[in-house]
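Here are my notes for a colleague meeting this structure for the first time. Have a look at the model, then read on.

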Amino acid sequence: MKKKITVDLSVKIVKPEWFERLSNFSKIVRVFCWMMRFVNKLRKKPSYDTKTLTVEEKAKAEIILWSIEQKKHFHEKENSVHGLQVVRGDDEVLRVKTRIIERDDDLSFLYPILLPSKHYITECLIREYHLKYCHAGVQILAAKLRLRYWIFSSKRNIRSCVSRCVVCKRFTAKALTTPPIQLPLDRVRESAIFEITGIDLCGPLLLKPRGKAWIVLFTCAVYREIHLEPLTSLSTESSINGVHGQCYKL
């Protein structure tokens, strides 16, 4: 009898988030601002009535957006997240409690916002800083982001985003190298001077008061000797005379 094998496959369908349709961090914040306005109007809460978004409104929307994503990815236990001491401010955002809190500095620098690693919005934020600071490298981006944010494995995430930048790839790509080829026989065999000659023309050179001149360049292909012969025109007769003059001097 043939054995029957039964395989049970379970498929998990993951629905994409709304912000994954957008590739720019500023645009994600702006769209979230309009969503907040719409919700506030439905709930009949006070909201902005201007046709454009204000700076204060976008800053508030960004804080709320980070607060929502932190609740999805971080589980706070005794004011600690993955070994980091954190505090939850009045805006319900988790901030890292650094060792320089006694310093007289900006609050966002002393208590940076904790961001999840390998998150879509975090990657959009890194890309925006990368473009804002003229395609800066990993060290500069890490320093600029540290002024406001604390990203888990920050340099690894920044390096991953920078490595996918098309402009940076273009300027950091290694030039193609080809193996050197051997010289032809006419370049290496024993011969007389100017027996194998290359000819080129340069100019025109402007002469006073009014006139032009050209120079015929004769180069020996074996010994790299150079001979210059002046021309007063580009006619066939003048060119032949220049070649005859070089042959006569040899």
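The points below go from the whole chain to a few single residues.

1. A word on the model. It is predicted, so to speak of local features a pLDDT of at least 70 is needed, side-chain atom pairs count only at pLDDT 80 or more, and totals for chains, interfaces and linings use all residues. Residues are numbered from 1 along each chain as its sequence is written, and side-chain values use heavy atoms, with hydrogens and water left out.

2. The overall chain. The protein chain has nine helices and eight strands (DSSP runs numbered from the N terminus: H or I of at least four residues for helices, E of at least two for strands). The C-alpha atoms fill a box of roughly 100 × 85 × 40 Å along the principal axes. Of the 250 residues, 31% count as buried (buried is under 20% relative accessible area, exposed over 50%, partly exposed in between, with a 1.4 Å probe and protein chains only).

3. Over residues 125-172 the chain is 71% helix and 6% strand, and the end C-alpha atoms are 23 Å apart.

4. Valine 162. This residue lies in helix 6 (residues 154-163). Is valine 162 buried or exposed? Valine 162 counts as buried because its relative accessibility is 17%. Leaving aside residues up to four places away in sequence, valine 162 touches His130, Ala136, Leu141 and Cys168 (a contact means heavy atoms within 4.5 Å). From valine 55, valine 162 is 107 residues away in sequence and 28 Å away in space, C-alpha to C-alpha.

5. Two positive phi values. Lysine 44, in the loop between helix 1 and helix 2, has a positive phi of about 60° although it is not a glycine. Lysine 44 is exposed because its relative accessible area is 77%. Glutamate 92 sits in the loop between strand 2 (84-88) and strand 3 (94-96), and its phi is positive too, near 65°. At 40% relative accessibility, glutamate 92 counts as partly exposed.
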